[in-house]
Amino acid sequence: MRVVVLLGAPGAGKGTQAPLLATRIGIPVVATGDLFRAAVRDGTPLGLEARRYMDAGQLVPDDITVRLLLDRLGRPDADDGVILDGFPRTGVQARALDSALADRDSSVCAAVLVEVPAEELVRRMSGRWVCRAAGHPYHEVSSPPRSPGVCDLDGSELYQRADDRPETIRARMAQQLGALGEVVDHYRASGVLRAVDGLQSIAAVASDIATAVAAAGLAPRASVAKPAAS
Ligand code: AP5
Ligand code: MG
């Protein structure tokens with residue numbers, strides 16, 4: 001099982017880059033934020049619980065998040081591997097993932113950190129629009145859709161995320177960056193961490209991520225699978 005972890009602060013570009021990498025190496029994206037937003041939209045008990053934390057800019061508790069992720073990894077389309085966007089976010093989650101992969105005689109192949117300074121993160125999240133069908137992100141200035149309000153990739157409607165309000169953006173930055181440091185340290189210690197400059201263009205970041213995962217032994221696929229929605 002090939003597992004790539006995309007790491008980065010809120011707004012760093014994980015959700016922009018994950019589908020590009022999925023197309024390149026032919027394994028699906030699993031994004032815990034998208035899984036939580038789907039549960040909120042469907043009004044499930046998990047969604048109602050998660051929403052309390054998401055609206056406050058806090059991380060959803062580890063036990064809920066780990067259960068959600070492991071359940072998703074058990075689906076057949078993840079058999080060959082996954083690109084994880086937004087998981088793990090804490091040391092507890094990173095260790096839970098290691099242990100679940102060890103049970104399958106596997107481990108994280110590469111953890112790619114997309115580095116972006118804080119002031120740029122705020123600019124990116126404030127101007128972000130995402131699509132209803134799969135959460136594909138756009139930016140009203142730096143990467144607008146071809147037709148206003150419509151996703152280039154799947155034609156669904158674009159909307160602004162509830163947690164992209166200025167006060168929630170500030171809370172997310174204040175409450176989540178410390179935990180990100182813990183996860184970065186975890187993968188640095190295990191020798192799979194690679195950092196890319198996330199301030200470049202989307203295409204240049206994608207190219208650096210492709211180089212980083214290739215160095216970890218994940219070559220592009222000759223015939224690629226369609227990247228799955230989360
Ligand atoms: P989640 O959905 O994962 O949000 P996040 O980590 O805060 O990250 P974002 O989705 O905001 O940013 P991104 O890095 O994907 O950036 P994007 O590509 O969109 O999580 C939401 C919430 O769910 C969390 O706050 C938490 O409550 C909960 N949650 C989720 N996972 C959890 C977990 N594991 N544990 C606990 N709780 C969890 O890009 C941002 C913008 O920048 C876009 O407009 C884009 O067009 C633009 N952009 C991207 N790249 C570039 C570039 N190179 N140049 C210029 N603009 C760019
Ligand atoms: Mg995202």
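Student: Which residue of β6 is the bridge partner of Trp 129, and how should I read such a pairing?

Tutor: The bridge partner of Trp 129 in β6 is Tyr 138. Before going on, note that this is a predicted model, in which local features need pLDDT of at least 70 and side-chain atom pairs count only at pLDDT 80 or more, while totals for chains, interfaces and linings use all residues. Residues are numbered from 1 along each chain as its sequence is written, chains are lettered from A and ligands numbered from 1 in the order in which they are written, and side-chain values use heavy atoms, with hydrogens and water left out. Strands (E, at least two residues) and helices (H or I, at least four) are DSSP runs numbered from the N terminus, and two strands pair if DSSP finds at least two bridges between them. Here β5 and β6 are joined by three bridges and pair in the antiparallel sense.

Student: Which strands make up the sheet to which β5 and β6 belong, and in what order?

Tutor: The order is β6-β5-β7, an open sheet of three strands with antiparallel pairing. Its edge strands are β6 (137-139) and β7, each of which pairs on one side only.

Student: How many bridges join β1 to β3, and in which sense do they run?

Tutor: β1 and β3 run parallel and are joined by five bridges, and Val 4 has Ile 83 of β3 as its bridge partner. Strand β2 (residues 29-31) also runs parallel to β3, through three bridges, with Val 29 likewise having Ile 83 as its bridge partner in β3.

Student: Which residues lie on each face of β3, and are they buried or exposed?

Tutor: In a regular strand the side chains alternate between the two faces of the sheet. In β3, Gly 81, Ile 83 and Asp 85 lie on one side and Val 82 and Leu 84 on the other, and all of them are buried (under 20% relative accessible area, with exposed meaning over 50% and partly exposed in between, for a 1.4 Å probe and protein chains only). Strand β3, which spans residues 81-85, thus has five of its five residues buried. Leu 84 is in contact (heavy atoms within 4.5 Å) with Val 3, Val 4, Val 5, Leu 6, Val 30, Leu 69 and Leu 97, once its neighbours within four places in sequence are left aside.

Student: Why does Arg 2 count as buried?

Tutor: Arg 2 counts as buried because its relative accessibility is 17%. This residue sits in strand β1 (residues 2-7), and among the residues that Arg 2 touches, not counting those up to four places away in sequence, are Ile 25, Asp 80, Gly 81, Val 82 and Leu 218.

Student: Why is Ala 189 called exposed?

Tutor: Ala 189 is exposed because its relative accessible area is 71%. Ala 189 belongs to helix α7 (residues 166-190), and its C-alpha atom is separated by 30 Å from that of Val 122, which is 67 residues away along the chain.

Student: Which residues of α2 are buried, and what do they pack against?

Tutor: Thr 32, Asp 34, Leu 35, Phe 36, Arg 37 and Ala 39 are the buried residues of α2, and they pack against β2, α3, α4 (62-73), β3 and β7 (158-159). After α2 comes Gly 43, whose phi is positive, near 70 degrees.

Student: Which element gives the most to the lining of the second largest pocket?

Tutor: On a 1 Å grid over the protein atoms alone, a pocket is an open set of points with protein on both sides within 12 Å along at least five of seven lines, a cavity is a set where a 1.4 Å probe fits but cannot get out, and lining residues have an atom within 4 Å of a point. The element that gives the most to the lining of the second largest pocket is α2, with six residues, and α2 (32-42), α3 (45-55) and β5 (128-131) each supply at least two. Of the 22 lining residues, Asp 34, Arg 37, Ala 38, Arg 41 and Tyr 159 lie nearest the centre of this pocket.

Student: Which residues line the largest cavity?

Tutor: The largest cavity is lined by Gly 8, Ala 9, Pro 10, Pro 88, Arg 89, Gln 176, Leu 177, Ala 179 and Leu 180. The lining of the second largest cavity is made up of Leu 6, Leu 7, Gly 8, Lys 14, Gly 86, Phe 87, Pro 88, Arg 89 and Leu 180.
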